[in-house]
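This report describes one protein chain in plain terms. Please look at the sequence and the model before reading on.

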Amino acid sequence: MNLVGVTACPSGVAHTYMAAESLETAAKAAGCDVHVETQGQIGIENQLSTAAIKAADVVILTNDIGIKNEDRFKGKLVLRVSSGDLIGKSPIIVKKLMAKLAEV
């Protein structure tokens, strides 16, 4: 499974980066390809490429605040979760997504 994600939180500091790290760790442990962009206090980092977005089976967006340039994901399967859920439940989220995609 190919995943891309964008993490952001109201302060743009700790939770943004913790959510990104948690998602990357869980996805890699499950054997997924993953690319995560952060939209933190210092701006956009690790900006997702058009190719990564095109190849993605699922886009995961944090819903704590608005995501910049969200129109890039039009037509993609998008899952919105809080940064707290990504930090604490990324392995569960990734496993459920993999099971759901296997059904299709």
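Is N69 buried, exposed or partly exposed? N69 is partly exposed, at a relative accessible area of 39%. Buried means under 20% relative accessible area, exposed means over 50%, and partly exposed lies in between (1.4 Å probe, protein chains only).

## Basis of the model

The model is predicted, so local features need pLDDT of at least 70 and side-chain atom pairs count only at pLDDT 80 or more, while totals for chains, interfaces and linings use all residues. Residues are numbered from 1 along each chain as its sequence is written, and side-chain values use heavy atoms, with hydrogens and water left out.

## Overall make-up

The protein has 3 helices and 5 strands. Helices (H or I, at least four residues) and strands (E, at least two) are DSSP runs, numbered from the N terminus. Read from the N terminus, the order of elements is β-α-β-β-α-β-β-α. The radius of gyration is 12 Å, close to the 13 Å that the globule rule gives for 104 residues, so the protein is as compact as a globular protein of that length. The radius is taken over C-alpha atoms, and the globule rule is 2.2 Å times the number of residues to the power 0.38.

Along the principal axes, the C-alpha atoms fill a box of roughly 40 × 30 × 20 Å. Of the 104 residues, 38% count as buried. The accessible surface comes to about 5,700 Å², and carbon and sulfur atoms hold 54% of that surface. Such areas come from the Shrake-Rupley method with a 1.4 Å probe; for residues, only the protein chains shown count as cover. Among contacts with a separation of 6 or more, 61% join residues 24 or more positions apart. Contact means heavy atoms within 4.5 Å.

## Two helices side by side

Two packed helices are described by the angle between their axes and the distance between the axes. The axes of α1 (residues 14–29) and α3 (residues 83–103) come within 8 Å and cross at roughly 5°. Axes are lines fitted to C-alpha atoms, for helices over the stretch in contact, and angles run from 0 to 180 degrees between N-to-C directions. The two helices are therefore roughly parallel to each other. Angles under 35 degrees count as roughly parallel, over 145 as roughly antiparallel, 65 to 115 as roughly perpendicular and the rest as oblique.

On the α1 side, the contact is made by H15, M18, A19, S22, L23, A26 and A27; on the α3 side, by S83, L86, I87, S90, P91 and V94. By class, this contact has 9 nonpolar, 4 polar and no charged residues. Ala, Val, Leu, Ile, Met, Phe, Trp, Tyr, Cys and Pro count as nonpolar, Asp, Glu, Lys and Arg as charged, and the others, Gly among them, as polar.

S90 is part of helix α3 and is buried, with 0% relative accessibility. Leaving out residues up to four places away in sequence, S90 touches S22, L23, A26 and D85.

## Buried residues in the strands

V6 sits in strand β1 (residues 2–7), and its relative accessible area of 0% makes it buried. Beyond four places in sequence, the residues that V6 touches include E37, L48, I60 and F73.

E37 belongs to strand β2 and is also buried, at 0% relative accessibility. With residues up to four places away set aside, E37 touches V6, Q47 and R72, among others. T38 lies in strand β2 as well (residues 33–40) and is buried, at 4%. Among the contacts of T38 beyond four places in sequence are T16, Y17 and A20.

## Residues in the loops

Where is Q47 placed? Q47 is in the loop between β3 and α2 and is exposed, with a relative accessible area of 54%. Although Q47 and E37 are 10 residues apart along the chain, their C-alpha atoms are separated by 5.1 Å. Apart from residues up to four places away in sequence, Q47 touches E37 and R72.

N46 lies in the loop between β3 (43–45) and α2 (50–55) and counts as exposed at 55% relative accessibility. Its phi is near 55°, a positive value in a residue other than glycine. N69, in the loop between β4 (58–62) and β5 (78–81), has a positive phi of about 60° although N69 is not a glycine.
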